[in-house]
Every structure is written in structure tokens, then in C-alpha cells.
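Colleague: Could you walk me through the charged pairs in this one, and then one of the helices? I have the sequence and the model open beside me.

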Amino acid sequence: MAIRAVVFDIGGVLEITTDLGVAEQWENRLGLPVGELDKRMFDVWAAGSIGAITEGEVHRAVADRLGLTSQHVETFMADIWKQYLGVPNTELIEYARRLRSRCHTAILSNSFVGAREQEQAAYGFEDLVGRIVYSHEVGMSKPDPRIYALTCARLGVLPEETVFLDDVGGFVAGARDAGIHAIHYQNNTQAIGEIEKLLTASR
């Protein structure tokens, strides 16, 4: 069956993300033990990833649980977003842009409340692909089989007509279980080569 859609993950794929040590820096600043920040914020991060809380509620939780003023909350969240956004994987972004003339394209991302606005401002992803499915907007996340089905439905394609690129093995396995041609991202040359092989073979 012909491939009609290519779907991209964001973090570690379209964005090159590295650990900037934000949690450790703020733990040192606040005099907290190592690991304490994420321990206090764990349920907030989890809720934000599926849209169970608003950005305002996230900010209030940061203030309450870390004892920060509103100004320090803004600084903290700016650091969090800087780490979250990483830097653009320019080669792969341009490849995705060119694919739009050949097939349907989409983004499927485990995300956080505010990610659409942050990533649009930084990278213009809404102009890059035809559809974006963010976990915080749909209330579920990879590797839930429903989010793969939803992505295909929004593209108007069958799973077997879809290629999905992700850097997390468990999310790749989840896509394969859903019937999608999933590629485990290692580097741009490997990823583009495997996508092209599938597109060519399906013609």
C-alpha cells in the first residue's frame, strides 16, 4: 500500500535537545537536595503533558511548591522552555518542509501546556506541516495507541499508509503496534534514507 503521510516527533528529532541542568541549577539556587525539584513538581509536569492543568495553574504550583515570587517564576519557566525547545534540526526541518509537496505531513509530540505557542514562535511548526497533534491538547500521550489512531484520522490516512519518525524506542514500538511504519531516529542521514526508501518502495 502506498505511503501517503509522514509524521515527525519534535524533541530529539525536529529539535535537538540537551539537558542544560536547569533542575540542578535551581536546586542549588534554592538550597534543595538533588532531585527534590522534580519530586515536588512531578505531578504538575505529568498533568501539564496531557492538558489536565492550565499554564496559569502550572505557574501557581511552581510559586507555591518552590517558594518563588512571580518574577522568579517567570525566570524559572524561561529556563525550562529554553531547555525544552533546544535548537532547530535545520536539515530535517527543511526536509519536512519539502515533503509537503509529495505527501501529507504531521507532527505528533508528547508536549506540555504552552508548547504550541512556544514552538510556533521559535520554529513556525504550524507552517511546516499539515497537522500537529500535541499530547497536552488531546489528553493522551505516546505510546497510547489512541494517539496514533487519532493522528492518522486527522490526516485522513490508514496506519499502513503512514511513516512515523521518533527517537524514543518505546514510542516507535507503540507506533508499530498500531500498524504504522515507524522509524527509530538515530541521525538525519539514516532517518531521511529510511523515509525515502519507504516512499520509493510504495510507488
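**Salt bridges and a helix**

Modeller: A network of salt bridges links Asp9, Lys142 and Asp166, where a salt bridge is a side-chain nitrogen of Lys or Arg within 4 Å of a carboxyl oxygen of Asp or Glu. Please keep in mind that this is a predicted model, in which local features need pLDDT of at least 70, side-chain atom pairs count only at pLDDT 80 or more, and totals for chains, interfaces and linings use all residues. Residues are numbered from 1 along each chain as its sequence is written, and side-chain values use heavy atoms, with hydrogens and water left out.

Colleague: How many salt bridges does the structure hold?

Modeller: There are 10 salt bridges in the structure. One of them joins the side chains of Arg65 and Asp43, at 2.5 Å from N to O. Because Arg65 lies in helix H3 (residues 55-66) and Asp43 in helix H2 (residues 36-49), this pair ties together parts that are 22 residues apart in sequence. Helices here are DSSP runs of H or I with at least four residues, numbered from the N terminus.

Colleague: And how accessible is Arg65?

Modeller: Arg65 counts as partly exposed at 32% relative accessibility, and Asp43 also counts as partly exposed, at 43%. For these labels, buried means under 20% relative accessible area, exposed means over 50%, and partly exposed is in between, using a 1.4 Å probe and protein chains only.

Colleague: What about Arg97 and Glu94, where do they lie?

Modeller: Both lie in helix H5 (residues 90-99), three residues apart, which is about one turn of the helix, and their side chains meet in a salt bridge of 3.4 Å, N to O. Arg97 is partly exposed at 38%, and Glu94 is partly exposed at 31%.

Colleague: Which residue does Glu137 meet in a salt bridge?

Modeller: The partner of Glu137 is Arg116, at 2.7 Å from N to O. That pair links distant parts of the chain, since Glu137 is in helix H7 (residues 135-138) and Arg116 in helix H6 (residues 115-123), 21 residues apart.

Colleague: Changing topic, which residues are buried in helix H1?

Modeller: In H1 (residues 22-30), the buried residues are Val22, Ala23, Trp26 and Glu27. They cover an arc of only 130 degrees around the axis, so they sit on the same side of H1, the arc being that of the directions from the helix axis to the C-beta atoms. Asn28 and Arg29, on the other side of H1, are exposed.

Colleague: What covers the buried residues of H1?

Modeller: The cover includes H2 and helix H4 (70-85), with contact meaning heavy atoms within 4.5 Å.

Technical notes:
Helices (H or I, at least four residues) and strands (E, at least two) are DSSP runs, numbered from the N terminus.
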